[in-house]
Amino acid sequence: LHTLISLLITTIVKKVTARPRPEKLDKKRLYDLRQHENNFSMPSGDSFQAANFTIILYVYYNTWFGFLLVPLVMHARIFYFCHYILDTVIGSSMGFLVSYITYSLIN
C-alpha cells in the first residue's frame with residue numbers, strides 16, 4: 001500500500017511542479033543513470049521509496065538500518081545528476097510523512 005500511494009503522489013507532484021532535471025556536467029560517471037530518466041525532477045521518487053522502506057523496517061522489524069540507507073540513496077541521486085538536493089530532501093520527507101500516516105491509519 002505504501003508503494004502504490006507513493007507512486008501516485010510522486011507522479012502527481014512531478015507533473016504539477018514540472019521541474020527539469022539538473023544539467024549534466026562534463027564529469028564522467030561510471031554509469032549514466034540519466035539515460036533512463038525521462039520525467040521531471042521534483043520530488044525524488046527513489047528518496048521517497050527509501051523513506052518508505054525505512055519506516056517499514058523500523059515498524060515491523062525494529063531496526064534502524066534504513067535510516068542509514070536514506071542519505072546514501074539521496075547522495076547517489078544527486079551524484080548522478082538525477083536530482084537537486086532539495087528534490088531528495090522533499091522526496092524523503094514526503095516518504096516519511098506518508099508512511100507514518102498510512103501506518104497510523106492501518107493500525
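Analyst: Contact means heavy atoms within 4.5 Å. Keep that in mind. This is a predicted model.

User: What is the mean pLDDT of the protein chain?

Analyst: The mean is 83, and 87% of the residues reach 70 or more. Among the elements, helix H1 (residues 2-17) has the lowest mean pLDDT, 84. Helix H3 (residues 65-79) has the highest, 90.

User: How many Å should helix H2 span, and how far apart are its end C-alpha atoms?

Analyst: Count 1.5 Å a residue. The 17 residues of H2 (residues 45-61) should then span 24 Å. The end C-alpha atoms are 23 Å apart, which agrees.

User: Which residues in H2 are buried?

Analyst: Start with the general idea. An α-helix has 3.6 residues a turn, so residues three or four places apart point the same way. Now the case here. The buried residues of H2 are Ser47, Phe48, Ala50, Ala51, Asn52, Thr54, Ile55 and Leu57. They pack against H1, H3 and helix H4 (85-106).

User: Why is Ala51 called buried?

Analyst: Buried means under 20% relative accessible area. Ala51 has 0%, so Ala51 is buried. Ala51 is found in helix H2.

User: What does Ala51 touch, not counting residues up to four places away in sequence?

Analyst: Ala51 touches Val70, Ser92, Gly95, Phe96 and Ser99.

User: How far apart are Ala51 and Gly66 in sequence and in space?

Analyst: They are 15 residues apart in sequence. In space, C-alpha to C-alpha, Ala51 and Gly66 are 7.6 Å apart.

Methods:
Residues numbered from 1 in each chain as written. Predicted model: local features only at pLDDT ≥ 70, side-chain atom pairs only at ≥ 80, totals over all residues. Heavy atoms only, no water. pLDDT = per-residue confidence, 0-100. Helix = DSSP H or I, 4+ residues; strand = E, 2+ residues; numbered from the N terminus. Expected span 1.5 Å × (residues − 1). Buried < 20%, exposed > 50% of the residue type's maximum accessible area, 1.4 Å probe, protein only.
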